[in-house]
Structure formats: C-alpha cells, structure tokens
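The following exercises are to be read alongside the sequence and the three-dimensional structure. Each task is followed by a solution in steps.

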Amino acid sequence: MYDVRPRFLDILIVQGRMTDIRASTAGDGWILGPKGGVQRNGPSGFWDFTSDLSLKDTAYTSLALGAHTDTTYFSEPAGLQMFHLLSHTEGDGGASLLVDGFRAANILKQGFPDAFKILSTFRISSHASGNDGIHLRPDFDRPVLNLGPPDAFLPEQSVYQVRWNNDDRAVLPVNSAGRQSEISVDAWYDAARKWVDILRRAESEYWEQLRPGRALIFDNWRVLHGRSAFTGKRRICGGYMNHDDFMSRWRTLNMSAEELSLTV
C-alpha cells in the first residue's frame, strides 16, 4: 500500500511583476490552471469584487472577517483558494488572516475532548441564500470537523476537512429525526466557543499583507482565512480549485507511473 496523502500545510505566495498578473483576472488563470483548473462558483470561475455590496455577502464589505472556510454550503467545498489584490487606494488595512485548522483541531482534541467529539460528530446545516436566484445547500449536513477513517498510515481518525463559517451556518437542528438529539444546543455552543477561542489565540494567527503582484493560495479544507477591516477603495480577485483536480495534478507531478499503480 502506498500513502498518497500529502500532510503539508498548503500556503503558497506567488510573486510576480505587477504587469504579469495585475491588470486583469487573465493572469490569475495562468496561476490557477497548472494547479488543477478552476472550480466554477456561479456564472464564472473567477470572482472580482470591491466592497460595494453588489452581492449580499460579508466579503463585499470593508468589515473585518474572522477565521473561516469558504463554500461550507457546497457538498464538496472548494479545495484550494486564491486571493490576488489588484489595487488598494485611498486607505489602508485589509491584512489577510490565516489559521491552521488541523493544528487548532488537535489543540481542541487534547484540551477539550468532549468539545472535539461534539464538533466532529454533530451535523449542522450551511446555506447561501441571500441573493436572488441562489439557494445553495450541501446534499446533507456535516459536522465542523470531518474525520477520515483509520488505516495503516493513520491508525486513529484524524481531521481531513474543516467546515467552519459562522456567517453561512443555518439554525442548529435540535431534536430532529435522524439527528444526534442527545447533544444539547448549549453543549454545541460551548464547544463552538472553545473552538473559536483557539482560532483567535495569537499563536494560531498568521497575518500577511497582500499587495498587487502577490497572489496567495491555500488549502480551504485545512486553512481558515479572514481579514482585518480596511478603508479606501480595494479591488480583489481570485478563484477556487477543486480538491480532486488538485490532488490528481499533485500525484502526477510527484509520483512515478509505478508508484501511482500501487495506489489503485
């Protein structure tokens, strides 16, 4: 058996001349394409926006955003995510926040095992339904911390995907048919508070100030992101990459044909 799961922390900063990728999202396709292609999100594979509330989404404001993952309302959330700051004039702020969700989950498991059990077993619903013609929900509800099955390489269940976005979370499914009704609302919120406290610790946070010509790419299944509040006119673009497409590209670039044959 051959273990093909990379256990690295996926944060990549792509440096380039401003003229390479500043003027339009065409340059971002040049960055994203070789990594596995762009996952469509609505009518386009890219998003390009400012804080004009053209969509009913907190990203389209100048507010600070706490650590979260994107597309929790997808059945399969985006795998990789990219941000590219195109311009920021007449103001400042807007630093990017990154938090290692796997590390935070391990701290929660070691320090608060009951809270870890709740967040890794109790399924909650997420949705995107604030804009006309859009009502996105996953095919079924899932917990905040999703565990993979144990095997020869990982004898204990470990977190393989974090789904945490308090702004997209629906109401808690209390005492509904097929739910884990033995977990109370108070117990879930207590576990969530412990989780958020870990995410907000200074040692959990990494801050990076983006600038034109610098693209940030990270693993949306592992790395939570946010931003500080900002002033002025800020334009940012980016896109999502499907997890399976990225992993396919990673395997073919890092493994020989013989090694690949041992994985099937």
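## Overview of the chain

Among contacts in the protein chain (heavy atoms within 4.5 Å) between residues at least 6 apart in sequence, 80% join residues at least 24 apart. This is a predicted model, in which local features need pLDDT of at least 70 and side-chain atom pairs count only at pLDDT 80 or more, while totals for chains, interfaces and linings use all residues. Residues are numbered from 1 along each chain as its sequence is written, and side-chain values use heavy atoms, with hydrogens and water left out.

## Exercise 1

State how many helices and strands the protein chain has, and what percentage of its residues count as buried.

Step 1. Helices (H or I, at least four residues) and strands (E, at least two) are DSSP runs, numbered from the N terminus. The protein chain has seven helices and eleven strands.

Step 2. Buried means under 20% relative accessible area, exposed over 50%, and partly exposed in between (1.4 Å probe, protein chains only). Of the 264 residues, 45% count as buried.

## Exercise 2

Describe how helix 3 and helix 5 cross, and identify the residues in contact.

Step 1. The axes of helix 3 (residues 101-111) and helix 5 (residues 185-199) come within 10 Å and cross at roughly 130°. Axes are lines fitted to C-alpha atoms, for helices over the stretch in contact, and angles run from 0 to 180 degrees between N-to-C directions.

Step 2. Helix 3 is therefore oblique to helix 5. Angles under 35 degrees count as roughly parallel, over 145 as roughly antiparallel, 65 to 115 as roughly perpendicular and the rest as oblique.

Step 3. Helix 3 contributes Gly101, Ala104, Ala105, Ile107 and Leu108, and helix 5 contributes Lys194, Trp195, Ile198 and Leu199.

## Exercise 3

Determine how helix 4 is placed against helix 5 and helix 3.

Step 1. The axes of helix 4 and helix 5 come within 9 Å and cross at roughly 105°, which means that helix 4 is roughly perpendicular to helix 5.

Step 2. From helix 4, Ala115, Ile118 and Leu119 meet Ala187, Trp188, Ala191, Ala192, Lys194 and Trp195 of helix 5.

Step 3. The axes of helix 3 and helix 4 come within 5 Å, crossing at roughly 130°; the two helices are therefore oblique to each other. Ala105, Leu108, Lys109, Gln110 and Gly111 of helix 3 touch Pro113, Ala115, Phe116 and Leu119 of helix 4.

Step 4. Within helix 4 (residues 113-121), Ala115, Phe116, Ile118, Leu119 and Ser120 are buried. These buried residues pack against helix 3, strand 6 (145-147), strand 7 (159-162) and helix 5.

## Exercise 4

Identify the residues with the most contacts inside the largest nonpolar core, and the element that gives the most to this core.

Step 1. A nonpolar core is a set of buried Ala, Val, Leu, Ile, Met, Phe, Trp, Tyr and Cys residues joined through side-chain atoms within 4.5 Å. The largest one has 28 residues, and Leu145, Trp164, Trp188 and Trp195 have the most contacts inside it.

Step 2. Two or more residues come from each of strand 5 (96-100), helix 3, helix 4, strand 7 and helix 5. Helix 5 gives the most, with seven residues.

Step 3. Leaving aside neighbours within four places in sequence, Trp195 is in contact with residues including Gly101, Leu119, Leu145, Trp164 and Leu224.

## Exercise 5

Is Leu63 buried or exposed, and where is its place in the chain?

Step 1. Leu63 is in the loop between strand 2 (46-49) and strand 3 (65-68).

Step 2. Leu63 is exposed, with a relative accessible area of 51%.
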